[in-house]
Every structure is written in C-alpha cells, then in structure tokens.
Amino acid sequence: MTVFALPLRRRGSAGGGLGRARFWVYGLLTAFVLGSVFPFYWSFLVASRDSSILTEAVPPLVPGGNFFANAQRVFDTVEFWRALGNSVVVAGTVTVSTVLFSTLAGFAFAKLRFRGRNLLFVLVIATLAVPTQLGIIPLYMAMAEFGWANELQAVIVPNLVTAIGVFWMRQYTVEAVPYELIEAARVDGCSMIRVFWHVCLPAVRPAAAFLGMFTFMTSWNDFLWPLVALNAENPTVQVALEKLQSGYYVDYSLVLAGTTLATVPILIVFIVLGRQIVAGIMQGAVKG
Amino acid sequence: MTRTVPTTPRGRAGEASTGGEPARPRPAWRDRLGRWDVRYSPYLYVAPFFVIFGIVGVFPLLYTAYVSLFDWELIDDNPSFIGLDNYVSLVADTQFWTTLVNTLSIFVLSSGPQIVIAVLLAALLNTRLRGPTAWRVGVLMPYVASLVALGIIFANLFGPNYGLVNGILEFVGLDRIDWQADRFASHVAIAIMVNWRWTGYNALIVLAAMQAIPKELHEAAMVDGAGPVRRFVSVTLPLLRPTLIFVVVTSTIGGLQIFTEPKLFDAMPGSNNGGSTNQFQTVTLYLYQSAFERQDLGYASAIAWVLFVIIILVALVNFVLTRRLATTGEGRR
Amino acid sequence: MRHQRRPVLALTALLSATTLVMTACGGSGESDSADGRIELTISTFGEFGYDELFAEYERDNPGIRIIHHKTGQGGPYHEALFTKLGAGSGLDDVVAVEEGHLSDVLASSSRFQDLADIGPSSVTPDRWLDWKYEAGRDKDGKLVGYGTDIGPLAMCYRKDLFEAAGLPSDPEGVKPLFADWDSYFAAGDRFVRDSGGTAWFDSAAQIFNAMQNQLPTGYLDRSDTLVVESNAAIKRNWDQVTAAVEREQSAGLVAFSNEWNSGFKSSAFATKTCPAWMLGVIEEQAGPEHAGQWAVTDAFPGGGGNWGGSYLTVPTQSDHPEEAAALAAWLTAPEQQVKAFRGGGGFPSQVEALDAPELLAATNDYFGGVADGELFAAQARKVGNAQYKGPGDGKIQETASSPALQAVEQGTAPEDGWRQFVDAATRIAG
C-alpha cells in the first residue's frame, strides 16, 4: 500500500497544483520572508549594539556584542521569568480552549442541523463587528464585579473562545469534512462527540493548527487589557516589558533586547504548530 | 459551565458495531439518547461561545448602547439623558465624515492587494518546498513583530526629512513626498504597513484551505488537459470559496476597525489625532480619542454603534459579492 | 464593593443576576495581609525614584506594607487610570498623576480625597513652591494632590552653532538673547540668516506651549469658558510663533518623534526649551559625538516656566485613605524628594529641597560640567503664579493647538491654522 501510495502521490502532485518548487518560487518566497523577518533581525541588531543606530537611515547589518549584556539588564530590571510563566499559562490556556471550543462550534455550524443554526451563526459574525475600543471600561466593571480584577482569569476568561475562531473553523469544516464520512460514522453507531473527535478533528487539523498559532500570538502580544486588568505584581510578558520604557527617553537596546527574548516562545509554538498545517486529511478519509 | 461532553452517552462507545442494522430493536433509552444526541448536542457545541460572550460581551455591548443616549463624561456622577442627540450631532460632525473617508480609503488601499497577494503567496507555499515549516513561520512573522520596533522602522522608512524612502526618491531624481502631511500619501504608507502585517496571516489561512483540496480533483482536471493556471482558476479557487468568504469578511471588519497602524504612524508619539489635520485619523482612532482624550463617553459610544452598523453593511455587501464571484464551481461533491 | 451611584446600577444588577452562577463575589477586601499589616498600594509611572524610600517607610511604620505598581510610559498609565476611574473601582490607594492630566483629575475632584482634610496636619502649604501647591487644588480649594517633582524651564542651546553664526555662546553672553520672546525670535532671525539655514528651534508647538504656560490663565478662564478667541494674548503668541515658522526658524520636527531624535544627531536646530529632565533626553539623542556642544543657561524668555512634574493623589476608592495620605505626605516631604531625585526621580518641588546641599552639588558633564541642580533651582523660583487650567486644558494642547501648529509647519497658512485650532478647541470645551 505505502509502496504504491508514494509514487502515486508524487506523480499526482508533480503535475497538479502542488508541483515541485522551482527556483523562481524560492526566489519570490525568499524575498517575502526577508521582508517579513527584517524587523526581528533589526530588533536583534539594536539589542546587540546600542540605541544610536536607530537614527541612522541604513543601519549596520552585522550584530554587535552587547546582546547578552542587554539581556542581563532586562532580567535585572523586570521579573522576566515570572511574567513569562504567566504569559505561558494565559496564552496556553486560551489557545487550547479556543481551538477546542471553536472547532467544536465550527463543526456544529458546518455539519449539524439544528433549529436556529443560521441565526446563531450570523450572531457570531455580528459580534466580530463590535468595535472593541470602548469595551475596556464595562469589561473592567464586570471583572471587578466578579472579583476577578488583578487575577489571571480576568485576561483568560474573555478569550476562552473567540468569534473569529468559530467563524474560521466553520468555514474550513464546510469544505474539509465530507458528509459521507460523518454519515458513515453515524451508521457505525458513533455518538456526535465521537464523530467530532474521530472524523472531524483529524480532518481540520491544518486549520486548527493555524488557529492555535494565531490565538497564541494574539494572546501573547495583548497589552492594554492585561495592563488594566492585572496589577503589576502579576504581569504578563508584554506588561512587564513595558516597564523597560520608563523615563523621559527610551533605551531601545534594552527594550528591543526584551522584545527579542519574548519572541522566542512564540517561535517555538510556531515551529511546533506550523508542521501541522499539512495535507493530513485524505489519509483519515481513506481509513474511514 | 463545565465540559459539555458527559451529556452524550458514554456507554455506546464500545458497541458501535450494532448500529449497522436499523431494523433490530434496541433498548428504548438508548434510542432516546441517540435522538437527544442528534437534536441537542449541537447546542452544547456552540454553547461555550455564547456563554463566554454572555459573560464578557453582552454587558459591554448593552452598556455602550445605553451610554450613547446620555451626555456622559468618562468620569461622570450625573450623566443627563439626551436621547438620540449624540447620533444627531454625529451626522453633522465633519470630523466624523473625514475619518470615515480616511478609513474607507485606507481599507480599499490595503484589503484588495492584500487578499490577492495572500492567495498567490499561498499558492507558492503550497508547492513542495524544502523545509516547509520554516517558510510558513517566516511569512507569519510580521504579525508577531513588536509594535515598538514597527513604529521605529516605519518612521525610519517614511520620515519626511530623514526617511529612507524619500532618500531613495531623491536619489533617483524624484520629488520628496511628505508622507505625514499629504493625505493620500499617508494613506498609502499606512496601507503598506497594514499589508506588511497582515498578508502573511491571510496567506496561511488560504494555505490551510488549499491543503484540504483533494489531489484527485487536480489529477482529474489534468487528465482533461487543463494547464496549471486553468486548474488554479477552475479547481482551486471555487473550492476555496468558504475560506475566501472568511478572509473577505474578516478583513473587511478588521480593515474598517483599523487602529494600530495609523496610531503608530503618527509622528506625535501616542497621539490619536491621525496627523496634523486628521488627514489619516480613522473612525476607531476618533472614537478612542473621543472617549479617552475628550472623555466624551456618550459620544464615543454613539460612534461605536454607528461604526458597528456600517461594518455590518459593508461586510454584508462584500459577502454577497464574494459569493457571486466564487460561485463558478458550485457543484462541490 | 463600592459603587458609584449611576443609572447603570440596574443594568449591572440584571447582569449579575443572569450570571449568578459565575460570580464569586469578591471585592476589594483583600487589602490586609495575613500578618495584620495594612497593605497600601501605590501606582507610579516612569521613574519616581521611590524604590528605596518604600523600604524605609515600612521600617519606620511596622503596621504598613507597601505594594508598588509601576508602569513605564505615562500614556498607557493614564489610560488605565481613567478607565478605572470611569469603572469606579480598581485604583490604588495612592495614585500618581502627571501635570498634563491634572486638569481632568481636578474636574472630577469628587472622586478624590481632600488631602488638606485627611492628610497629616503637619503638612502645610509652604512645604511647596507656591505655584506647585496651588495647581494641586481644584476650583473650590480642595487639595487633590501633593506635589512631587517639577520641570522648571531653562534654555538649552548649541554653543558651536552659535559661535559659527557669530552669536555669543557663553552662558552669560547668551542671556540677552533669551531675555524675552521678542529678543528670542529676533536672535532666531539672525541665526537662521548667518547659519545658512539651520533652524532656530525644533518645533513650533514646543515654543507656543511655553509661551502659553506663562499666561495667568490657560485656554479657559476661571469660570471655565473658552478664551482662545477672546484672550488677545493667545492670538499674539500664535502670530509670533507662526511668523517665526514662516521665517524658517522651525525645524518642523514633532517633539519625541523619531525624526526629532534624528534632528539632535544631525544638528537640525540650535535651541531647545529645556525643563530639568530634558538634559538627559538631549544627551541620549544627540549622543557622544555632540558632547560639549550643548549648553544650558539660567535664562528663559519671558521669565520662567514649568513643563512636567506630578502629584500624588488618594482616590475615594481607597479603603485606607488616612494611611494612604500619610504615606503620600511622607514621600513628598523635602528630605524624601531629594533622595528620590538622587534615585533617578524628577526635580523636587519643595522649597527646602531647593536649598539641599545634595541638589546644589549636582553637575552635568555632558553640558560642560554645569551645576544644573543650582541652575534649575534658580529657574524654579522664577516661575510666576500658578496658571489656572480649566477642564480640558491639556486636551486642547494635545489635540487642538499642537496639531494646528504642525499643520502650519507643513504648509498651512497661519490664519487657516488658527481657524483649525479655534474650531478644535471649541469642540473640546463645548
């Protein structure tokens, strides 16, 4: 089976939309990625030298030797590790929960029939259109009422599941999960939740992985709400790093050393989840 | 609110094989549970979203609607009820219309190119690459960039006096552009910033959807003699329809709420003015300024509601258009 | 849980009822630690130099534990502050407020304690410079904040550029140039002509704000009516500054923007209005290659002025108002503020502190070894009466006058800019 499957796939993809990448593809992608990664490299440059290169139109392109000294200053100035721990808890919880609940709701909206389905789905999308800038005051009032002000749940609970996540998973599931598979599983006597777990979930893995990356990074970079909702004893990374910008001028080599350090966990999550965005669906389908 | 799972019958898991023969009589409770499962479990699956929204979303929404009917300062002991006066003044407010035009202009300059480039970029990423994860992570990086770094980099690029772009323009013999003062130029610069941040994100969305397209469909089209472009247009694009609807609707909503980029772009640090004559102030910046600088919470709430309605309308139009445009391959499977 | 009496009460109740299951009705009753000590929370931004003082206070007052919440930038700090004021809960026992946001705080002074009432009776108005103390009181005379630091204004200038343009360059010789605004702009004309086009100052708004702050009342008079159009002095200042812009005295660089930073490096302008804290900014932005070229003199056009500085307030939300006021009173005493100054905080606002030997001994190497402590102490005493700033004064500066001046620098005609300014100010005040 595998012996056959491999050459078959290769033949199929060579001529299909998934052709082997040519040089110009690499060229274009390289240009894109260079443009995308530049700010990180630049941040690292400043962090490894000193702030004076900020005002130069064309900065020197080779890192200096100050990165570890600047990183040490970050650790001395803010409670970096504690903030990192909080951020991991917050972003991790929010990510797992958002992916799970969004996938579940997306499955229901895409593949199950129930009264009020369309109305509820429109409601989900409508909530996306609410401008969030003002929400901070009533949200704080609500959190204070619940006694959650200054607690981590104040930044976790509001993000446990998002409208954009539900919308995305619904749209993806519509195409990615054939009805036949669901029916087959139902005929096999699977309960709904088992259909979800064994049929839907494997098929939507690429979308769930992307949602996970996106959610993690949004939560990780969130600033104003954690600043308001958490007190400085118990900060997330972004709130803690903000303290590096005290004083009448900003020491950018210090600030950017901090942001560079704070990016590392995101990269790890990206690399782990980025692998999941692959065509894994059809294997699952064939097995069914 | 706890886990929703336990309500579904656990016991059935091990006996799945019996389901094949519908004629065979089963114990009534299991039957009933099965029907309950079909009828009610969807509500359980969508419940978490609505519960969370009920806790943290409904109150802010109602609160904002309520406040918009008052002359309500940010810190106000005695707000006075003024009915729809805030909405009436909003219609006559030239600054509101300026910001609305700015928003639409930046939105058009950013969203269109962004989606087209994102789809093409996704097609590139969908080829068989060495080290695919690295490329994917690479294009998503802008979204993670720290706003501090972004602010400085784009200021260095588009600074009217010392900026790199103007340096290049001058070097090749063109006129300098005042990216801050000129209304259209500032919109272009902000749109570039927006596109830089969001194209990779949209590309990965589209890529994920492309990965779900069965290869057999491509093979079948190939057998029919379709070339790569033809296959992309008549096989790939129609199957991307739900995803494209998602991308269009979310970038419409996001584009009309654009806030971070124009705020970062302003030379005055932290300012919500959107330039010296509000030339690039967006509606959300204006709403934010009304609430937190002018501390006119009632008026800001009215802006928020009007913006909400506008977004719904524009998103609806875009949704319909996208559905029409991508309808060519209606027969799914 | 303290609640402001608002129409929203009913709404809140409704919501609480529907989500009763979720509510673990907490509250702010967690402010006493297990060992029976009173916990006092204090929030500051930037650098107040208080860290070691807190330890000292806890040593002297065994019944108190201090928790310090520090934010880096003033912008997000005050945003969070006003969010919590608006929400009616969540503020610390002692809250620092920057001068630029003080008029908003004074406008809602009902949400703050009267420190003259609940503060220690040993604290008397003569502790502070007169104008600093007065600015901390609302219209009815309620003392909302104890002054911490100030930013007395002097003039910074580029010695080397002055010399090259044939102007006097030693700190005594330049004083006539900075005698009043007329002499300042006249010198600017000479400088621009003889320097071959280098600008005289960085930004029109920086100059205009300094001139504006020297007027007896701000953009609103004591009955809180907008006087931008009726107060001829404001228009006179506007005309003078915008005329100077048209004569190319302004570098047109928005303060604290990236290009403004670059402007220090590339020697784009020759003078800078200089509050005490600006010396550090100049040193950082101009960098070592311009060391010794910048100088500061104890003169300022039109007498003196102030830019920046903060107050410590006690919100009515606090559960321990008297203890909080006692802490704020202690922190703002002259001895403590001198220590805070040495710990990186701002220039002290207390009369006695200005004579403190530690302050007078301070020097600044980047500015040619000038005795800056003594210099700014002298400038602090030159500041006239406290300007009355009505509600919205700070907002008018941020969102009306400054952008309009920037527009003029970008090519708008001064009269059109004036219209823009008046319109925007009217909307804010109205």
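Colleague: Which residue follows α11(C) and has a positive phi?

Modeller: In this predicted model, local features need pLDDT of at least 70 and side-chain atom pairs pLDDT 80 or more, while totals for chains, interfaces and linings use all residues. Residues are numbered from 1 along each chain as written, and chains are lettered from A and ligands numbered from 1 in written order. After helix α11(C) (a DSSP run of H or I, at least four residues), phi is positive, near 50 degrees, at Ser267(C).

Colleague: How many residues of helix α11 of chain C are buried?

Modeller: Helix α11 of chain C spans residues 258-265 and is mostly covered. Its buried residues (20 or more other C-beta atoms, placed from the backbone, within 10 Å of their own) include Trp260(C) and Phe264(C). The covering elements include α6 (147-158) of chain B and α12 (278-286) of chain C. Of the eight residues in α11, the number buried is seven.

Colleague: Which helix gives the largest share of the side of chain A that touches chain B?

Modeller: The contact (C-beta atoms, placed from the backbone, within 7 Å) takes 87 residues from chain A and 97 residues from chain B. On the chain A side, the largest share is 11 residues, spanning part of 23-48, the range of helix α2 of chain A.

Colleague: How far apart are the C-alpha centres of domain 1 and domain 2 of chain B?

Modeller: The domain assignment, automatic or from a database, gives domain 1 (26-80) and domain 2 (87-332) in chain B. Their contact takes 10 residues from domain 1 and nine residues from domain 2; α2(B) gives the largest share of the domain 1 side, three residues. The separation of the C-alpha centres is 30 Å.

How values were computed. Two residues are in contact if their C-beta atoms, placed from the backbone, lie within 7 Å. Helices (H or I, at least four residues) and strands (E, at least two) are DSSP runs, numbered from the N terminus. A residue is buried if 20 or more other C-beta atoms lie within 10 Å of its own, exposed if 12 or fewer, and partly exposed in between; C-beta atoms are placed from the backbone.
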